[in-house]
Amino acid sequence: MAIMGAQAFMTSCGDGTGNAANADTTQVTAPSYDSSFNVEAESFGDLQVLRYQIPGWNELSAQQKELAYYLYEAALAGRDIIYDQKSKYGLLLRKTLETMYGTYQGSKDASWKQFEDYCGRFWFSNGNHHHYSNEKFFPDCRKEYFTEVLMNSDTTQLPKEPNESVAAFAKRVVTLIYDPKVEPKVVDLRPNADNVKLSSNNFYENVTQKEVEDFYAQFDTKGDAPSWGLNSKTMKDSTGKVVERVWKSGGMYGAAIDKIIYWLEKAANVAENEQQKKTLQLLVQYYKTGDLKTFDDYSIEWVKDTTSRIDVVNGFIEVYLDAIGKKGSFESVLSMKDMEATKRIAAIAKQAQWFEDNSPLMPEHKKKEVKGITAKAITVIVESGDAAPSTPIGINLPNADWIRKNHGSKSVSLSNIIHSYNVASAKGGMLDEFAVNDTVKERARKYGNLAADLHTDMHECIGHASGQINQGVETTDKTLKNYASTLEEARADLVALYYAIDPKLVEIGVAPSVEVGYAEYDSYMMNGLMTQLTRLKPGEHLEEAHMRNRQLNARWVYEKGKKDNVVEFVKRDGKTYVRVNDYNKLRTLFGELLREIQRIKSEGDYQAGKNLVETYGVKVDPVLHKEVLERYAKLNVKPYRGFIQPKLVPVMNGDKITDVKVEYPTSFFQQMMEYGKNYSFLPVKN
């Protein structure tokens, strides 16, 4: 489970260093960031591209650097997969845009800039559906101009069908790009609808939601069963029978997966220790066979690897792109342990049993014994697939509840990603525009970075690892279906919020006072009720799981606390603000909602989960939304951020790697073109 970085633009409001709060409160030494490093790169559409550093890289041994290089290549080798998963036309369109952008020799006027912006948005979202809203987006340039650029590019490089004319190809592509009826939404979560049919991702073909659910109903999902369907496309064969096409070597996506395997095998040969080697070899075996039981074996061994400095996630992991929560999107996150920043999150993980025992959950929904939460802060080296360019800021894996319960989990905070967010956010002006008063602003400036870090730590480390499903109840993809992701993220957020003002955080030395928690409450309520609406267009409702979960939590406690005026909307000078009046009562309300959402998960209560999400998490007040958009527009701040990836360059002596250098590219567009040239392994039809 991942907590998305898009929320960091409101919750990280420090002095720009990203580390001052930590240094003051937990005696954690900040990594050595270069203060002259420019974190900002290009911006286009509603997107700001950032850059991040890899402090501590030169502390690694030559063997660790070589290991990281192989895992870096394995990460990027799978990049094609996410484009095809988001749309069966994704690779066709990407290769077309790469050809046009790279070979067009005509004049480049305002229309070209509009075309260029579309390319940037397409690459940022891994396709032509917005990375956050899931809605299809379109070029601002006219169809005629788009066609002109295509016809005047190097047409020999276009991914045409055999014997297809350039004119026929252009007509086909223009329809795919400009027609709003073609694949309008990559994930459609509307209630009382066929969410499989209405979603345009490439996880299913010619099957209805009922057919998919009936197909997987044949699989036993109780106990320690695998996550059936995680690594396959479900479709009908020529006889009309529902079948799976497994993503593995020799199967669907085999050409890219073989490249991943090649680099993983090289990595296993220079692993830091035997446990890491065993883990990587199991991952290779999984990719070769597609056997989900092997993936579970790999996940269990990966959890056991707690001593390696280098770590990697590589596979079909998160299910947010699937409306019914079965299919895993390809992603890879390569990292190294941030030795100092890990002290804060490790202190939290050490108290996992205390947090579980003292939570407001019903006794029967609490874990009697919380197993092996390994928590650390990591320095990201590269991200790929669904983790890039838009990245999580925290991750808790494995996702399988039974593995977390019986074997534990790893919870990480992406410290150098958060650092870049903090540096960029310090310039934004959001706090001054939307915070209700000077007390809230001063508290946010003093504790905002730490409050956001602690929320992420608690969300990932304690939140996702807490609670248990009742014996005999099916997994949430079967019970909660299209609401499973939203409810799980809401549950993890509520764990973090419930404990945000608990003296326990002061006692264990991760917060200087409960004022840090007050800063988080201010930020979360402001974001959940108001400021996250900056990411929506007028008339839109909330679709993305994390946005839904934040509004669900904030709106529910606001409504339930009305009689005591716990939280209120305040009008001043024609502007609306959110004010928390009673932090302790707000905590109690967070606890009540946490208990209910855990009950829903534990008992598999679909109807109650649906009612919560649809009542509190979806609809938007159009008047408030209009005001927020008008105020936000004056700040000239982009609502979404993502990253250019560092580049690892091996230093060779013959065929031996003697060192690996880090380069920090400055152009997102140039990196996307380089990736297209160097990491294109799949055909346009898979």
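Is cysteine 461 buried or exposed? Cysteine 461 is buried, because its relative accessibility is 0% (buried means under 20% relative accessible area, exposed over 50%, partly exposed in between, with a 1.4 Å probe and protein chains only).

The model is predicted: local features need pLDDT of at least 70, side-chain atom pairs count only at pLDDT 80 or more, and totals for chains, interfaces and linings use all residues. Residues are numbered from 1 along each chain as its sequence is written, and side-chain values use heavy atoms, with hydrogens and water left out.

**View 1. Cysteine 119 and the search for disulfides.** The search of the whole structure returns 0 disulfides, a disulfide being a pair of cysteine sulfur atoms within 2.5 Å. For cysteine 119 the closest cysteine sulfur belongs to cysteine 141 and lies 8.6 Å away, which is too far for a bond. Cysteine 119 has a relative accessible area of 0% and is therefore buried.

**View 2. Strands β10 and β11.** Helices (H or I, at least four residues) and strands (E, at least two) are DSSP runs, numbered from the N terminus. Two strands pair if DSSP finds at least two bridges between them. β10 runs antiparallel to strand β11 (residues 409-414), with 4 bridges joining them. Isoleucine 395 has valine 412 of β11 opposite.

**View 3. Helix α21 packed against helix α25.** Two packed helices are described by the angle between their axes and the distance between the axes. Here the axes of α21 (residues 484-499) and α25 (residues 583-603) come within 9 Å and cross at roughly 145°. Axes are lines fitted to C-alpha atoms, for helices over the stretch in contact, and angles run from 0 to 180 degrees between N-to-C directions. The crossing of α21 past α25 is left-handed, that is, the near helix is turned anticlockwise from the far one by less than a right angle; clockwise would be right-handed. Contact means heavy atoms within 4.5 Å. Residues making the contact include Leu487, Leu494 and Tyr498 of α21, and Phe590, Leu594 and Ile597 of α25. The contact residues divide into 12 nonpolar, 2 polar and 4 charged (Ala, Val, Leu, Ile, Met, Phe, Trp, Tyr, Cys and Pro count as nonpolar, Asp, Glu, Lys and Arg as charged, and the others, Gly among them, as polar).

**View 4. The open sheet β2-β3-β14.** This sheet has 3 strands and mixed pairing. Its edge strands, β2 (40-44) and β14 (640-643), each pair on one side only. Neighbouring strands are turned by 25° against each other on average, direction ignored. β2 and β3 (residues 47-50) run antiparallel and are joined by 3 bridges, and phenylalanine 44 has leucine 47 in β3 as its bridge partner. Helix α17 (residues 415-425) lies across β2, β3 and β14 and runs at about 135° to β14.

View 5. Alanine 377 counts as buried because its relative accessibility is 1%. Leaving aside residues up to four places away in sequence, alanine 377 touches several residues, among them Met336, Asp338, Ile345 and Ser413. Methionine 336 is 41 residues from alanine 377 along the chain, and their C-alpha atoms are separated by 8.8 Å.
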